[in-house]
Amino acid sequence: MPFYDLHINFDWDGFCEEGYSAAYIPNLLLNSAKYDSSKVNIAFVGAGNNLSGRYDLVNFIDFRVDVPLLSKIRDKRGYVEMCFSDIRQHILDGKLEKVQFFSSVLKAYKIPYIFTSGASDIYSIKSPKELAFVGELLGFNQKDVLRSMSEFAGVIASRLEKSR
Amino acid sequence: MNLLELLPAGWKKAGECMVIKKSVRIKKRYVKFRCISEEPLQQRVIEANMRNFILRCMGFLHNPYVKFVRYDAENGEGVLKCSARHFKSVLQSLVLFKEGKCRVKLLSSSGTLKKL
């Protein structure tokens, strides 16, 4: 089963060793940045940012629950990004319950999600199995987390390969 | 008075030595990991850092007993032992572990050292 990491912040050549078929540096849609069809586009919601225009993934800053917006993302066949670096920071700040509540809302409303590492260096990289452990901590099934990094991320990865 | 009657429940006599019943024994899990860091780290340094981090993650009430069985400082590979009851929590804590330029990569886990 191929796995994809759709959010890394540095040039990483050794992704095969960690079990990934590909890893992508995204285009962050902040400060009126435009959609780039050759990259993974991540839109941010919260802290003054609103969702508008095209996007591939949506990152909820601070894991703030907005049910109408989540339903809109599901209807438009978008994906919610569960970034490991954000999750880790929230857990170490004592906000695990907030992230768990956000995860329970995603499960209850059947909103598709994709786990990413959000790594900035080689020491922040996580393999798919390790991300599945973290997903289990938040209330997801390990199989569903792995499926999100394989099947759902594969949809975006195949679009990027076609556009190249 | 029969001394055997004074022993706590769960003990039985096997020849000359007393052994704990299998149903009462603490079941262990062994986790093989690799420590990826800029410079090779000594066992006592990485063991102390990992123990402190696991304590920070799990708190005093649920802090499991974690022991390094073996560790090779040159390639960073090691095996640690923990109880099966806290196995998942220990693995989740190790995934969250990151100290500066050091990362713990989980390789495999098993109930016996032979299978690792």
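Predicted model: local features only at pLDDT ≥ 70, side-chain atom pairs only at ≥ 80, totals over all residues.

Reader: Which residues is A:Lys126 in contact with, leaving aside its neighbours within four places in sequence?

Author: Two residues are in contact if their C-beta atoms, placed from the backbone, lie within 7 Å. With the neighbours within four places in sequence left aside, A:Lys126 is in contact with A:Phe84, A:Ser117, A:Leu131 and B:Val95.

Reader: How do you class A:Phe60, A:Asp62 and A:Phe63?

Author: A:Phe60, in strand S5 (residues 57-60) of chain A, has 24 other C-beta atoms within 10 Å and so is buried. Apart from neighbours within four places in sequence, A:Phe60 is in contact with A:Val45, A:Gly46, A:Val80 and A:Phe102. A:Asp62, in the loop between S5 and helix H1 (67-75) of chain A, has 13 C-beta neighbours inside 10 Å and therefore counts as partly exposed. A:Phe63, also placed in the loop between S5 and H1 of chain A, counts as buried because it has 21 C-beta neighbours inside 10 Å.

Reader: What is phi at A:Asp62 and at A:Phe63?

Author: Most residues other than glycine have a negative phi. A:Asp62, however, has a positive phi near 65 degrees without being a glycine, and A:Phe63, not a glycine either, has a positive phi of about 50 degrees.

Reader: What makes the buried residues of helix H2 of chain A lie on the same side?

Author: The buried residues of H2(A) (residues 84-92) are A:Phe84, A:Ile87, A:Arg88 and A:Ile91. They cover an arc of only 100 degrees around the axis, which puts them on the same side of H2(A); the arc is that of the directions from the helix axis to the C-beta atoms. These buried residues pack against strand S6 (79-83), helix H3 (96-108), S7 and H4 of chain A, together with H3 of chain B.

Reader: Why are H2(A) and H3(A) called oblique?

Author: Angles under 35 degrees count as roughly parallel, over 145 as roughly antiparallel, 65 to 115 as roughly perpendicular and the rest as oblique. The axes here are lines fitted to C-alpha atoms, for helices over the stretch in contact, and angles run from 0 to 180 degrees between N-to-C directions. H2(A) and H3(A) pack at about 135 degrees, with their axes 7 Å apart, and are therefore oblique to each other. In this packing A:Ile87, A:His90 and A:Ile91 of H2(A) meet A:Leu96, A:Lys98 and A:Val99 of H3(A).

Reader: How do you know that H2(B) and H3(B) are roughly perpendicular?

Author: The axes of helix H2 (residues 43-58) of chain B and H3(B) come within 9 Å and cross at roughly 115 degrees, and the two helices are therefore roughly perpendicular to each other. The residues that meet are B:Phe53, B:Ile54, B:Cys57 and B:Met58 in H2(B) and B:Ser89, B:Val90, B:Ser93 and B:Leu96 in H3(B).

Reader: Which element of chain B gives the most to the side that touches chain A?

Author: In this interface 10 residues of chain B are in contact with nine residues of chain A. The elements giving two or more residues to that side of chain B are helix H3 (87-96) and strand S6 (102-110), and H3(B) gives the most, with four residues.

Terms used: Residues numbered from 1 in each chain as written. Chains lettered and ligands numbered in written order. Buried ≥ 20, exposed ≤ 12 C-beta atoms within 10 Å, placed from the backbone.
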